[in-house]
Amino acid sequence: MVKEKSLKSLSDQYGGVKQAATLLRSDLKNGIPGDDIDLALRTKVFGANKYQKQPAKSFLRFVLEAIKDTIIIILLVCAVLSLAFGIKQHGLKEGWYDGGSIIVAVVLVVVVSAVSNYRQSKQFEELSHESRDIRVQVVREGRHQPVSIFDLVVGDIVSLKIGDQIPADGLFVEGHSLKVDESSMTGESDHVEVNGKKNPFLLSGTKVTDGYGYMLVTSVGMNTAWGEMMSSIRRDLNEETPLQARLSKLTSYIGKIGLSVAVLVLLVLLIRYFTGHTKDENGKSEYNGSKTKFDDVMNSVVAIIAAAVTIVVVAIPEGLPLAVTLTLAYSMKRMMRDHALVRKLSACETMGSATIICTDKTGTLTLNEMKVTEFWLGKEHIDNSLSSEIAANVLQLLSEGVGLNTAGTVYKHNYTSVPEIYGSPTEKAILSWAVIDLGLNSDEPKQSCEIIHVEAFNSEKKRSGVLIRRSNERVLGTHWKGAAEMILAMCTYYYDKKGVSKAMNDDERAHIGTIIESMAAKSLRCIAFAHANVTDGNEQIHTKLEEMGLTWLGLVGLKDPCRPGVKEAVESCKKAGVSIKMITGDNMHTARAIAFECGILDSDDNLRNEAVVEGVQFRNYSREERMQKIETIRVMARSSPFDKLLMVQSLKQKGHVVAVTGDGTNDAPALKEADIGLSMGIQGTEVAKESSDIVILDDNFTSLATVLRWGRCVYNNIQKFIQFQLTVNVAALIINFIAAVSSGKVPLTAVQLLWVNLIMDTLGALALATEQPTNDLMDKPPVGRTEPLITKVMWRNLIAQALYQVAILLILQFKGKSIFGVTEKVKDTLIFNTFVLCQIFNEFNARNLDKKNIFKGIHKNKLFLAIIGVTLILQAVMVEFLQRFANTERLDWEQWGACIGIAAVSWPIGWLVKCIPVDKQLRKQRASAS
């Protein structure tokens with residue numbers, strides 16, 4: 001019925017909305033009982049508000065994807081050939097070792113890669129589930145309470161306001177000016193009006209664009225059109241971020257170099273072999289023309305091809321995309337703990353490059369815990385405890401203005417209980433003041449007046465209005481509530497506290513204007529009330545509220561204190577080279593006072609006038625003026641969502657990377673336009689959240705500064721890993737190439753290179769990608785959009801370590817036998833062991849790219865220490881116990897000591913290299929930042 005929007009079915013089969021609610025054992029005013037038994041029964045009969053998801057990728061799918069890699073396939077073919085020829089030549093007992101070892105190593109690499117990718121996929125699925133968990137305001141047993149969208153049941157009465165997503169299919173109960181965007185379901189962009197007469201149907205997944213109201217839930221989950229549609233859609237979690245795209249290019253480029261080296265090595269080894277230059281263990285030529293058996297030739301050729309292919313395996317840094325995925329998954333999980341839900345992966349990286357944050361005031365910089373601290377009636381200040389001084393007719397009008405012109409509600413369990421107040425913080429503060437301080441009865445106006453038309457609050461006009469008809473009267477009443485100076489401009493009369501209406505001349509208007517300014521200077525939000533009476537008789541006035549010639553009723557000042565820690569967070573962002581701009585709907589005086597309190601404005605008198613502008617002023621600048629002044633502007637007051645969008649566009653044109661916060665439906669264009677859109681988890685509408693990249697779950701600016709730290713941390717961790725991995729790649733390529741060309745043998749076998757590949761790709765990525773953000777990150781300027789991934793600092797560190805490793809390993813290759821007095825096989829084991837230990841020690845160097853102390857904060861990263869420990873143990877097992885598998889010989893204590901000693905030299909080298917100045921510009925930036 002709801003899916004088909006059949007009014008006939010609703011009236012004929014169910015007898016209308018009221019009868020439908022009775023059938024569902026729900027009350028249109030108080031909702032369902034909501035106890036556990038009732039909820040369980042409703043879920044059992046009508047189903048849960050969840051839709052069936054497409055099954056997630058299984059572990060086997062990840063294994064198959066890893067095996068599909070061309071190089072892995074070539075290696076497996078080589079391994080199978082080696083296995084076949086080895087068994088044919090030496091029998092099953094002895095002949096399986098070479099081929100079998102490669103197969104085991106390849107399987108290990110594939111499984112580790114699949115496990116890692118499978119775990120990340122699971123984490124992204126969990127985070128995706130979190131982002132779909134919307135809080136819905138329902139009425140149960142007469143009480144308003146927030147519940148998860150997944151806990152919604154048939155029969156629930158749901159409260160709807162602008163920006164909400166309709167959480168299930170249902171019927172309109174009551175409300176005003178309710179309009180819904182059904183484009184997600186029908187594709188039509190027109191906003192559909194919903195009312196009790198012509199169209200009471202509300203479809204799941206659509207968005208409220210105007211007004212407010214209540215709905216009765218009639219079907220949930222898979223029984224809704226939205227549920228059916230969503231169950232057939234699979235959300236793609238394999239979104240490629242800009243950094244992953246850049247790394248893919250880098251991987252491809254390095255891969256081509258590796259492939260070229262591998263082809264050269266292959267040609268050199270084949271030429272040396274077939275020209276008789278390759279010697280066996282006894283010093284005899286391995287190839288003697290027709291005298292050599294076919295099986296021996298094939299075995300040698302397969303071994304040469306395997307060695308060349310393995311060089312490609314080590315050369316291609318597959319770990320780079322994995323490191324990004326690991327870092328992003330880890331960061332997203334930790335950011336959840338720090339009150340930030342990432343909806344779009346790329347936002348994690350982009351946040352590290354942010355140069356400007358445009359933030360809202362209310363709820364982000366302030367606590368959003370409003371309280372009325374001042375009340376003025378006309379030109380007179382009224383103490384809250386002296387409400388008895390106010391004339392009865394003014395109190396009556398205030399009661400109507402507060403009780404009817406509101407999207408909030410007051411619930412009293414009984415006459416003696418403390419009232420429970422629901423609504424936005426502003427609505428709650430005003431209702432609380434009216435009910436508790438003035439002693440007004442909020443229910444009385446609802447019983448004595450009929451609401452004819454409502455103009456819901458909107459951030460363009462910054463006011464809300466209501467048209468009412470009082471019982472037994474032909475006169476209609478208009479009530480307005482909103483930004484004080486805007487309401488003042490609509491008034492020509494005012495009341496004094498005796499209830500006498502007086503004409504407002506220019507002096508009195510200026511006097512009230514001064515009162516508003518003085519309240520705003522104390523960082524109070526000023527909300528005014530005004531009313532007018534209109535004689536009923538004109539049809540047109542039923543849809544249009546009177547906007548001029550109103551009578552000024554009164555003015556309240558709401559105090560919203562700054563959040564604790566905001567000033568420090570703002571200072572931290574400024575220190576990090578990120579400029580903060582405050583964009584607010586409040587007037588200039590309130591905005592300036594809060595900006596000083598939060599540290600966004602300092603006491604620089606030259607800046608003060610140009611630093612604070614109004615939205616209309618900014619809008620009316622010429623393009624050249626705007627571009628010239630935009631860097632100086634710190635605060636934009638009385639701004640509309642269009643002004644916010646214009647600010648973002650102008651800043652982006654100046655080359656800035658812009659992060660913007662927003663909570664309203666009208667903020668969606670600015671959130672989409674910004675490089676990073678940050679919506680608010682508590683006050684934010686669903687429309688705003690869907691347009692954003694990151695949801696700040698606690699609406700706190702301090703969390704925003706934490707997101708900035710995490711963004712920089714992601715970028716920094718990836719740079720650490722690139723430096724670490726490229727060092728291994730360069731060293732392994734050069735050693736194998738020189739050794740192959742000069743002696744015809746590669747010192748590092750296929751299995752050994754696969755082991756190196758495993759520790760640097762997977763374990764290395766895990767160790768370096770999970771470093772937590774440090775305060776040092778906030779001492780650096782933002783990373784530019786076009787700045788190279790591999791900086792001069794990284795090249796300096798990388799080249800120094802690679803040169804040391806190549807030099808040491810080549811000395812061991814050519815002089816190792818005479819230095820240690822050992823056999824060829826022990827010498828090769830020493831090279832392998834030293835090479836791996838060099839990488840382990842270099843992993844410590846990679847922890848900090850430019851600071852000399854590489855051990856700072858290492859005790860906090862337990863995972864890093866665990867991975868280092870595991871790698872060392874596995875390396876010892878490879879050398880000492882898996883000689884046949886890894887093609888190694890056991891080493892004595894002296895030889896182990898020599899390997900560790902040689903590898904440990906990379907620490908002092910790393911320290912010395914960091915004394916070499918590289919980037920003058922970077923040092924200048926740091927000096928200016930500090």
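This note goes through the predicted model in numbered points, from the chain as a whole to single residues and contacts.

1. Basis. The model is predicted: local features need pLDDT of at least 70, side-chain atom pairs count only at pLDDT 80 or more, and totals for chains, interfaces and linings use all residues. Residues are numbered from 1 along each chain as its sequence is written, and side-chain values use heavy atoms, with hydrogens and water left out.

2. Whole chain. The chain has 34 helices and 26 strands (DSSP runs numbered from the N terminus: helices are H or I of at least four residues, strands E of at least two). Of its 930 residues, 54% count as buried (under 20% relative accessible area, with exposed meaning over 50% and partly exposed in between; 1.4 Å probe, protein chains only). Among contacts (heavy atoms within 4.5 Å) between residues at least 6 apart in sequence, 73% join residues at least 24 apart.

3. Eight strands form an open sheet with mixed pairing, in the order 8-26-25-24-9-21-23-22. Two strands pair if DSSP finds at least two bridges between them. Strand 8 (340-342) and strand 22 (612-614) are the edges, each pairing on one side only. On average, neighbouring strands of this sheet are turned by 20° against each other, direction ignored. Strand 22 runs parallel to strand 23 (residues 635-637), joined by three bridges; Glu614 has Ala637 of strand 23 as its bridge partner.

4. Helix on the sheet. Helix 26 (residues 701-743) packs on this sheet and touches strands 8, 9, 21, 24, 25 and 26. The direction of helix 26 makes about 145° with that of strand 26 (694-696) (axes are lines fitted to C-alpha atoms, for helices over the stretch in contact; angles run from 0 to 180 degrees between N-to-C directions).

5. Leu678. This residue lies in strand 25 and counts as buried because its relative accessibility is 0%. Leu678 is 15 residues from Asp693 in sequence, with 6.1 Å between their C-alpha atoms. Leaving aside neighbours within four places in sequence, the contacts of Leu678 include Met351, Val660, Leu671, Ile694, Ile696 and Leu704.

6. Strand 19. Ten of the twelve residues of strand 19 (residues 524-535) are buried, so the strand is largely enclosed by the rest of the structure. Strand 19 pairs with strand 16 (residues 475-483) in the antiparallel sense over nine bridges, and the partner of His479 there is His531. Strand 20 (residues 550-559) also runs antiparallel to strand 19, with eight bridges; here Arg525 has Leu558 as its bridge partner.

7. Asp156. The loop between strand 2 (143-148) and strand 3 (157-160) holds Asp156. Asp156 counts as buried because its relative accessibility is 0%. Its side chain makes a polar contact of 2.8 Å with that of Arg140 (a pair of N or O atoms within 3.5 Å; within protein, one must be able to donate a hydrogen and the other to accept it, and residues adjacent in sequence count only if both atoms are side-chain atoms). Leaving aside neighbours within four places in sequence, Asp156 is in contact with Ile32, Val138, Arg140, Met215, Leu216 and Val217.

8. Helix pair. The axes of helix 29 (residues 824-845) and helix 33 (residues 906-913) come within 9 Å and cross at roughly 35°. Cys838, Phe841, Asn842, Phe844 and Asn845 of helix 29 make the contact with Ser906, Trp907 and Gly910 of helix 33.
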